[in-house]
Amino acid sequence: MAGRHYSSASTAPKSQRSPFLLFIIALIFLSLIFYIFTSSSSSPSATLHPSASTIHAAQNPNVDYSFVSSLEKFLINHKSKSSSRIPDDTVRGEATENDVKRLDDLISQEEEKRFYGGESLFGSPIRVYVYDMPSRFTYDLLWLFQSTYRETVNLTSNGSPVHRLIEQHSIDYWLWADLIAPESERLLKNVVRVHKQEEADLFYIPFFTTISFFLMEKQQCKALYRDALKWVTDQPAWKRSEGRDHILPVHHPWSFKSVRKFMKKAIWLLPDMDSTGNWYKPGQVYLEKDLILPYVPNVDLCDSKCLSESKRTTLLFFRGRLKRNAGGKIRAKLGAELNGANDVIIEEGSAGEGGKNAAQIGMQKSIFCLNPAGDTPSSARLFDAIVSGCIPVIVSDELELPFEGILDYRKIAVFVSSSDAMQPGWLLSLLRSISPSQIKEKQLNLAKYSRHFLYSHPALPMGPEDLVWRMLAGKLVNIKLHLRRSQRVVRESRSICTCDCRRPNSTSPIPSS
């Protein structure tokens, strides 16, 4: 009896508690599911701005987006490692015909080994040989900038601070700093540095043409240009290809101007392609051969937090020089047409520190930013607008854009012909007709695209340095084609390709006859 009594006493409460326990467990399970669902859906910034954590320096302290800051660390690091240089086979002196033939044979053997070994000759990663040029072409110029940028008040003829211009065109520094960094510190996987010339797809010339142009005395600069020209053209790789597989950074249109005609077959890294002949002579630049790179933005990134908090009350904003030459004369005309209109701000200003702050505030408060042509078809203002989340309104009929084989600028900008923009009231009517949903879509795309225009060290995947090599990889087949043709076609043959007869690059419609 005692046994049965104990058993019944113990089972009765168990049967009464079971539904209650099941209810508690079910409630906990449902709460967990609800928490997971709401936490993943309640953070739209993670969905709308997936790249924010990778492009904002405050969230990634190991990445440097400032040219001045990055350069300072780079030079200190170079000083501490100057005795541990990696040996390479850069030729010290003029190459002979035998040097050229030997290199050509080695390159042919390397290409055959890769091709018949199952490797792609033109796939990723692209192999780049970086010339070990004397320091007067490289480090000395970087030190010159580093030692003068704080004290200088020098202005160009149009009133722009010299050192600010150098920063805007510092693409040569960002690319070189990434290429020569230890492989263990690099993040880009689609380009590798090689130390034997026969292994290279392309050859990089690390000469700082913009710094030398702006910071050296004129005749001294021209002498340095001539020295750099001779140094590079004495190399067997240059003699073999006449420069067709060599990368030459000449991002400021004034830089290297006195000698660049002797290097016109090289791949030029440019800010744009001026078809008026003011900056580049016919046959020097064209899209098949050269590459457009973005300016370094002059303003800070408007990240996901900034974008969500910005109150954009101005319809259209412009700040800059209204009086320009050549195709830029449209600026003054547009300024006169738009000045005084409701919800429109047109300001005269420079690129100094005060101008930078005023431009940054104005762009972050505006829906659209006017981007007319300047002295050249492009300007840094376009990329300032992009990283500010301000939709660019591009009025520049001859403009060529960076990485357009990869990026679709129609998703982030409004393109307007000069003739339409000059019709009274036409431009503002167009902008006011764009729906809120269309504006929102372009703003979201701007947040996504901004990472493609932020130079950094280390260089980041999908950043501008990465896209440079993606674009150049697409040119490799054509580079090999013209190189090999040049080696076998008879000099007097009509089959020799020339670029003097090419039409200028133009995005404006071809007039009907």
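This is a predicted model: local features need pLDDT of at least 70, side-chain atom pairs count only at pLDDT 80 or more; totals for chains, interfaces and linings use all residues.

User: What makes the pair of tyrosine 131 and phenylalanine 203 count as stacked?

Analyst: Two rings pair if their centres lie within 6.5 Å, and planes under 30 degrees apart count as stacked. The ring centres of tyrosine 131 and phenylalanine 203 are 6.0 Å apart and the planes stand at 25°, so the pair is stacked. The structure holds 27 aromatic pairs.

User: Where in the chain do tyrosine 131 and phenylalanine 203 lie, and are they buried or exposed?

Analyst: Tyrosine 131 is in the loop between β1 (126-130) and α6, whereas phenylalanine 203 belongs to strand β3 (residues 202-204). The pair thus links distant parts of the chain, 72 residues apart. Both tyrosine 131 and phenylalanine 203 are buried.

User: Why is the pair of tryptophan 174 and tyrosine 455 called stacked, and which parts does it tie together?

Analyst: The centres of these two rings are 6.5 Å apart and their planes meet at 25°, so the pair is stacked. Tryptophan 174 sits in helix α8 (residues 171-179) and tyrosine 455 in the loop between α18 (436-449) and α19 (464-488), so the contact ties together parts 281 residues apart in sequence. Both tryptophan 174 and tyrosine 455 are buried. They also belong to one aromatic cluster, whose members include Phe67, Tyr139, Phe145 and Phe208.

User: How do you know that the buried residues of α6 line one face of the helix?

Analyst: In helix α6 (residues 139-148), the buried residues are Tyr139, Leu141, Leu142, Phe145 and Gln146. Viewed down the axis of α6, they fall within an arc of 165°, so they line one face. An α-helix has 3.6 residues a turn, so residues three or four places apart point the same way.

User: What places lysine 289 over the face of tyrosine 286?

Analyst: The distance criterion is that NZ of Lys be within 6 Å of the ring centre. Lysine 289 lies over the face of tyrosine 286 at 5.7 Å from the ring centre.

User: Why is phenylalanine 256 called buried, while aspartate 343 is called partly exposed?

Analyst: Buried means under 20% relative accessible area, exposed over 50%, and partly exposed in between. Phenylalanine 256 has a value of 1%, so it is buried. Aspartate 343 has 47%, so it is partly exposed. Phenylalanine 256, in the loop between β4 (246-249) and β5 (267-270), has phi near 60°, a positive value in a residue other than glycine. Aspartate 343, in the loop between α13 (330-338) and β8 (344-348), has a positive phi too, near 65°.

User: What makes lysine 333 count as exposed?

Analyst: The relative accessibility of lysine 333 is 51%, so it counts as exposed. Lysine 333 is located in helix α13.

User: How do you know that the bond between histidine 457 and proline 458 is cis?

Analyst: Omega of the peptide bond joining histidine 457 and proline 458 is about 0°, and the bond is cis. Proline 458 lies in the loop between α18 and α19.

User: How many nonpolar, polar and charged residues line the second largest cavity?

Analyst: The lining has 6 nonpolar, 4 polar and no charged residues. Among them are Asn371, Pro372, Leu382, Ile394 and Ser396. This cavity has a volume of about 50 Å³, and the structure holds 4 cavities of 30 Å³ or more.

Terms used: Residues are numbered from 1 along each chain as its sequence is written. Side-chain values use heavy atoms; hydrogens and water are left out. Buried means under 20% relative accessible area, exposed over 50%, partly exposed in between (1.4 Å probe, protein chains only). Helices (H or I, at least four residues) and strands (E, at least two) are DSSP runs, numbered from the N terminus. The arc is that of the directions from the helix axis to the C-beta atoms. On a 1 Å grid over the protein atoms alone, a cavity is a set of points where a 1.4 Å probe fits but cannot get out, and a pocket is an open set with protein on both sides within 12 Å along at least five of seven lines; lining residues have an atom within 4 Å of a point. Grid points are joined across faces, edges and corners, and a volume is the space filled by probe spheres set on the points. Ala, Val, Leu, Ile, Met, Phe, Trp, Tyr, Cys and Pro count as nonpolar, Asp, Glu, Lys and Arg as charged, and the others, Gly among them, as polar. Rings of Phe, Tyr and Trp (its six-membered ring) pair if their centres lie within 6.5 Å; planes under 30 degrees apart count as stacked, over 60 as edge-to-face and the rest as tilted. A charge sits over a ring if NZ of Lys or CZ of Arg is within 6 Å of the ring centre and within 35 degrees of the ring normal.
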